Amino acid sequence: MSLPQSFMRFLPVLRRRPDAQADIAGGRENPRLRGSVRFYQTPQGVLVLAEVSGLPGRGCRCEDDIFAFHIHSGGSCAGSEDDPFSSALGHYNPERCPHPAHAGDMPPLFSNNGYALQAFLTDRFTVREILGKTVIIHDRVDDFTSQPAGNAGERIACGVIRKPGRR
């Protein structure tokens, strides 16, 4: 079985250097949580490739292995013990749309024994628009209903979106 021609056109994109990247690190409660989110600008939109390891396991496979995944409008992963990654602020939402139509609302991460890999294409933002923003992983699944942020729970990991090679 061969891959559809429409999918095949994106393979060369993944071979080049990303236009932006967020290096993900877990907070104090999840120090082994690590990963990267790469952003590739294409004529069809932004191709997002996320790879994360160390996602917490909680025993139940119903919703405990699904993690909300968003772009937030803040430019820092700083926070406090009581409010990890609070400097990431809220969801990136320049059009002031209701949840889950925020530009920063992305598909959830599905953990496979602590590891998640996903790729998707979106036209909700350009790479230029999200540079300096943050990527957040939450500890629960996004319900795609509750306002303003999907009742996604605590922030467990964060990364700042930057041009590759910049810190």
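In what order do the eight strands of the open sheet stand? The order is S5-S4-S7-S8-S1-S2-S3-S6, with antiparallel pairing. Strands S5 (105-110) and S6 (116-122) are at the edges with a single partner strand each, so one side of each lacks a neighbour in the sheet. Neighbouring strands are turned by 20° against each other on average, direction ignored. Within the sheet, S4 (residues 66-72) and S7 (residues 134-138) run antiparallel and are joined by four bridges; Ile71 stands opposite Val135 in S7. Strands are DSSP runs of E, at least two residues, and helices runs of H or I, at least four, numbered from the N terminus; two strands pair if DSSP finds at least two bridges between them.

The model is predicted: local features need pLDDT of at least 70 and side-chain atom pairs pLDDT 80 or more, while totals for chains, interfaces and linings use all residues. Residues are numbered from 1 along each chain as its sequence is written, and side-chain values use heavy atoms, without hydrogens and water.

A search of the whole structure finds one aromatic pair (ring centres within 6.5 Å).

| Pair | Centre distance | Plane angle | Class |
|---|---|---|---|
| Phe39 and Phe125 | 6.3 Å | 70° | edge-to-face (planes over 60 degrees apart) |

Phe39 lies in strand S2 (residues 34-42) and Phe125 in the loop between S6 and helix H3 (127-130), 86 residues apart. Both Phe39 and Phe125 are buried (under 20% relative accessible area, 1.4 Å probe, protein chains only).

Key. Axes are lines fitted to C-alpha atoms, for helices over the stretch in contact, and angles run from 0 to 180 degrees between N-to-C directions. Rings of Phe, Tyr and Trp (its six-membered ring) pair if their centres lie within 6.5 Å; planes under 30 degrees apart count as stacked, over 60 as edge-to-face and the rest as tilted. Buried means under 20% relative accessible area, exposed over 50%, partly exposed in between (1.4 Å probe, protein chains only).
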